[in-house]
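Q: Hi! I'm new to this one, could you walk me through a few parts of it?

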Amino acid sequence: MSTFALLTIAAAGVFLLLLLVIKAKVQPFVALLMVSLFVALASGIPIDNVMKVMTAGMGGVLGSITIIIGLGAMLGRMIEHSGGAESLADYFSKKLGPKRTVAALTIAAFILGIPVFFDVGFIILAPIIYGFAKVAKVSPLKFGLPMAGVMLTVHVALPPHPGPVAAAGLMGADVGWLTIIGLLISIPVGIIGYFVAQRLNRKNYAMSVEVLEQLQLAAPEPAPENSAPITDRMNPPGAFLISALIVIPIAIIMLGTVSATVLPSGSAIRDLFSFLGAPGIALMIALVLAFYFLAVRRGWSLQHASDVMGGALPTAAVVIMVTGAGGVFGKVLVESGVGKALADVLMTIGLPLIPAAFIISLALRASQGSATVAILTTGGLLSEAVVGLNSIQLVLVTLSMCFGGLGLSHINDSGFWIVTKYLGLSVADGLKTWTVLTTVLGLSGFAFTWLVWLAV
């Protein structure tokens with residue numbers, strides 16, 4: 001099939017999906033599957049292979065996020081139901097003040113995002129975002145948008161995350177210099193993202209019913225007549241305990257990441273720390289600690305604790321299913337050859353190396369959804385073009401394609417659905433906020449990278 005036909009089908013698929021979700025109000029999970037089927041058939045994927053591709057797309061995403069979202073949702077439910085998230089938010093709000101709190105949380109998210117994968121870190125921090133939103137009586141978007149933006153920035157630009165590490169290998173770039181220069185560029189990019197998110201947050205966006213219920217902003221059911229209200233939030237846990245429950249899984253994941261980098265292969269200690277540092281294991285440890293400190297020690301019955309944790313699953317299931325369907329759409333676009341066709345068109349234009357790396361990666365990101373796939377594909381396409389460059393130039397080309405993979409996160413990206421569902425955004429509002437923010441971050445990173453290229 002011709003390049004023009006493939007690009008036309010992809011554009012029609014995105015337009016149809018937006019029409020179904022925004023105008024026709026079709027549930028996103030169903031709409032994503034319907035459009036994926038349409039694109040698969042229209043692009044010439046063999047009819048006996050269509051469901052295999054769609055199943056692979058669903059499985060590829062769910063295999064990595066189902067355990068994380070499920071355990072993370074239970075941990076968040078325990079912290080929220082005990083009143084711990086509010087207690088923590090109230091403590092730091094009084095210490096820092098409302099304006100400085102957003103900045104402090106954004107800085108913390110930037111630091112935590114360096115060793116921890118974006119989706120894992122964001123899911124772990126979700127109850128804290130809700131807690132601060134409750135105390136400040138604002139939408140969780142006020143806190144969550146800048147935090148998610150800086151976490152994604154370091155995820156695509158800095159080792160030890162898979163995209164930049166693998167791209168450095170393809171380019172022959174030094175990982176040490178990539179870390180140093182990437183960090184120096186990511187800091188001003190994060191600052192820009194913080195102020196852009198603040199500006200986007202000037203508008204009030206409607207929240208989903210699920211998030212309203214999570215924040216307990218919806219009207220509560222009336223208590224039975226002549227009965228006193230009983231709540232698990234009486235005598236809530238302290239800020240230190242809640243901070244520990246949030247930091248412990250992140251610290252364990254960091255330990256696994258660092259050990260895999262500094263310890264020799266085959267080391268028993270490395271294998272142990274890598275096992276414990278797997279996000280699912282780290283979250284399981286945190287959930288056991290939460291069960292003991294928030295439930296058992298505070299007098300909850302075992303059945304009540306089980307009910308509280310189980311209550312997190314319906315909301316988590318919605319996030320999991322929609323995110324998985326986003327993976328289906330992305331997989332279909334990859335298998336159809338849309339990304340390769342688009343990259344071939346851009347390669348023939350003859351752009352200078354730095355903007356070519358950024359634009360090809362950005363186009364691949366927009367066309368198939370995955371930042372890591374966009375970065376690696378661009379690295380493969382440009383691996384021959386970088387022969388003869390010095391070590392710093394190789395790093396800058398690598399960073400340019402990494403920041404290209406940062407922008408244009410939209411409906412074919414599983415991360416788009418995680419952020420919008422947890423922050424209670426509609427698809428239209430997600431495009432106005434998260435897509436805009438990631439694109440500004442990507443463009444900012446590219447601009448700083450090109451300036452350094454011109455300087456050296």
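This is a predicted model: local features need pLDDT of at least 70, side-chain atom pairs count only at pLDDT 80 or more; totals for chains, interfaces and linings use all residues.

Q: How many residues of H19 are buried?
A: 12 of its 14 residues are buried, so H19 is largely enclosed by the rest of the structure. Buried means under 20% relative accessible area, exposed over 50% and partly exposed in between (1.4 Å probe, protein chains only). Helices here are DSSP runs (H or I, at least four residues), numbered from the N terminus.

Q: Which helices do those buried residues pack against?
A: They pack against H7, H8, H9, H17, H18 and H21.

Q: And how do H7 and H21 cross?
A: Their axes come within 10 Å and cross at roughly 40°. Axes are lines fitted to C-alpha atoms, for helices over the stretch in contact, with angles from 0 to 180 degrees between N-to-C directions.

Q: Which residues make that contact?
A: Among them are Leu145 and Leu152 of H7, and Trp434 and Leu437 of H21. Contact means heavy atoms within 4.5 Å.

Q: New topic: is Thr348 buried or exposed?
A: Thr348 is exposed, with a relative accessible area of 66%. Its place is in helix H16, residues 338–349.

Q: How far apart are Thr348 and Ala157?
A: They are 191 residues apart in sequence and 27 Å apart in space, C-alpha to C-alpha.

Key
Residues are numbered from 1 along each chain as its sequence is written. Side-chain values use heavy atoms; hydrogens and water are left out. Helices (H or I, at least four residues) and strands (E, at least two) are DSSP runs, numbered from the N terminus.
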